[in-house]
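Thank you all for coming; I would like to walk slowly through one protein model this morning. Please have the sequence and the structure open while I talk.

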Amino acid sequence: MRVAVFSTKPYDREFLEAANAIAGHQHEFTYFEARLTQDTATLAAGYPAVCVFVNDEVTTEALNMLAAQGTRLIALRCTGFNNVDVKTAAQLGITVVRVVNYSPYSVAEHAVGLILTLNRKFHKAYNRVREGDFSLNGLLGFDLHGRTIGLVGTGKIGLILGQIMAGFGCKLLGYDLYPTQKFEAIGGRYVDLPELWSQSDIISLHCPLTPETHHIINDAAIAQMKPGVMVINPSRGALIDTEAVITGLKSKKIGYLGIDVYEQEADLFFEDLSEEIIQDDVFQRLLTFPNVMVTAHQAFFTADAMDDISRTTIESLTDFEQGNSLKNELKLPPEKRPTFNVSQS
């Protein structure tokens with residue numbers, strides 16, 4: 001099957017080609033570094049399948065162009081699908097598949113890394129020591145033991161993070177529309193959002209982006225939080241109202257912020273802009289705070305997760321080509337919106 005792969009980097013090619021080499025898979029990939037948009041959709045002319053990533057814009061306009069050019073399958077090499085107009089795809093007869101499951105440890109462990117780095121300031125200590133500065137001023141942290149972490153979303157990733165933090169001796173609070181006994185079995189307690197906001201020392205987001213969760217961290221939510229709270233987001237950028245968080249940082253209501261995603265990241269992340277003038281003033285303001293850590297959407301980026309993503313994507317392409325059932329097909333009735341809870345966020 002001929003596949004146009006958008007938003008590709010060398011590591012995407014490496015893992016897709018390795019998965020494709022498995023016996024029985026003989027797909028032909030054409031790699032484009034460009035993101036898929038309505039302006040670049042013409043690159044996929046004549047390709048029955050298109051493979052996209054988190055910041056590709058699979059809009060109504062792009063889908064209409066793809067359908068007219070013969071595309072019948074959109075394969076997302078990611079879990080989230082908020083960048084896809086699923087209703088239009090269904091109307092055009094385009095099948096959409098995604099990667100429902102990949103290593104949830106990758107994102108959960110990255111969240112722990114953000115928590116530890118913000119708390120114990122490893123990044124600052126590293127730079128100091130390399131410059132011969134062995135002073136401890138400004139590096140004071142706090143014990144995680146006995147602190148309360150609030151998990152917004154207790155699917156696979158949230159549950160694993162809860163298990164890790166329980167190992168540190170943290171108290172666990174959770175919010176999810178679909179509570180699970182697994183979370184309660186590790187000592188977690190489900191509460192409503194106001195209680196989670198007000199009782200948590202650390203808040204970590206692990207839910208999908210839906211109209212209901214858009215800017216779930218906003219001025220009103222921040223007002224309910226403990227002074228000096230730590231906020232972690234390795235999930236979806238638009239879960240956080242960035243300007244509200246900046247206000248919270250300035251007032252010191254938010255004491256620490258660690259994000260791996262950003263609501264306007266599409267023109268920033270995955271690219272080397274070190275020689276460019278970044279035009280996003282809100283993002284640039286965020287980077288000026290000493291208690292903020294930003295990583296560029298790398299939480300998923302482990303060899304284990306990349307292998308899972310590539311193998312699942314290849315299997316979906318093969319199943320589609322051979323007319324088999326598609327276990328990872330995304331079906332969204334027009335009248336139904338994504339629920340708050342998914343198995344992997």
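Before anything else, one term: when I say that two residues are in contact, or touch, I mean that they have heavy atoms within 4.5 Å of each other. What we are looking at is a predicted model, in which local features need a pLDDT of at least 70 and side-chain atom pairs count only at pLDDT 80 or more, while totals for chains, interfaces and linings use all residues. Residues are numbered from 1 along each chain as its sequence is written, and side-chain values use heavy atoms, with hydrogens and water left out.

The pLDDT is the predictor's confidence in each residue, on a scale from 0 to 100. The protein chain averages a pLDDT of 94, and 96% of the residues score at least 70. Over residues 336–345, however, the pLDDT is below 50, although this stretch has 42 contacts in the model beyond near neighbours in sequence.

Helices (H or I, at least four residues) and strands (E, at least two) are DSSP runs, numbered from the N terminus; buried means under 20% relative accessible area, exposed means over 50%, and partly exposed is in between, with a 1.4 Å probe and protein chains only. H27 sits in the loop between α1 (10–20) and β2 (28–31), and at 6% relative accessibility H27 counts as buried. If we leave aside its neighbours within four places in sequence, H27 is in contact with M1, N20, I314, L317, T318 and E321. With T318 there is also a polar contact, side chain to side chain, at 2.8 Å; such a contact is a pair of N or O atoms within 3.5 Å, where within protein one must be able to donate a hydrogen and the other to accept it, and where residues adjacent in sequence count only if both atoms are side-chain atoms.

How much of helix α4 is buried? It is mostly covered, with 12 of its 17 residues buried, among them P104, V107, H110 and L114. Just after α4 comes K121, which takes a positive phi of about 55 degrees although K121 is not a glycine. For background, most residues other than glycine have a negative phi. K121 lies in the loop between α4 (104–120) and α5 (122–130) and counts as buried because its relative accessible area is 12%. H297 also has a positive phi of about 55 degrees without being a glycine; H297 is found in the loop between β12 (292–294) and α12 (303–322), and its relative accessible area is 13%, so H297 is buried.

Now to the strands, where two strands pair if DSSP finds at least two bridges between them. Strands β3 and β4 pair in the parallel sense over four bridges, and C51 stands opposite A75 in β4. V52 belongs to strand β3 (residues 49–52) and is buried, with a relative accessible area of 0%. Although V52 and L76 are 24 residues apart in sequence, their C-alpha atoms are 5.0 Å apart in space. Strand β4 (residues 73–76) is covered on both faces, with L73 and A75 buried on one side and I74 and L76 buried on the other.

There is also an open sheet of seven strands, in the order β8-β7-β6-β9-β10-β11-β12, with parallel pairing. Its edge strands are β8 (189–190) and β12, each of which pairs on one side only. Within this sheet, β6 (residues 148–152) and β7 (residues 171–175) pair over five bridges, and L151 stands opposite G174 in β7.

I will finish with G228, in the loop between α9 (219–223) and β10 (229–233).
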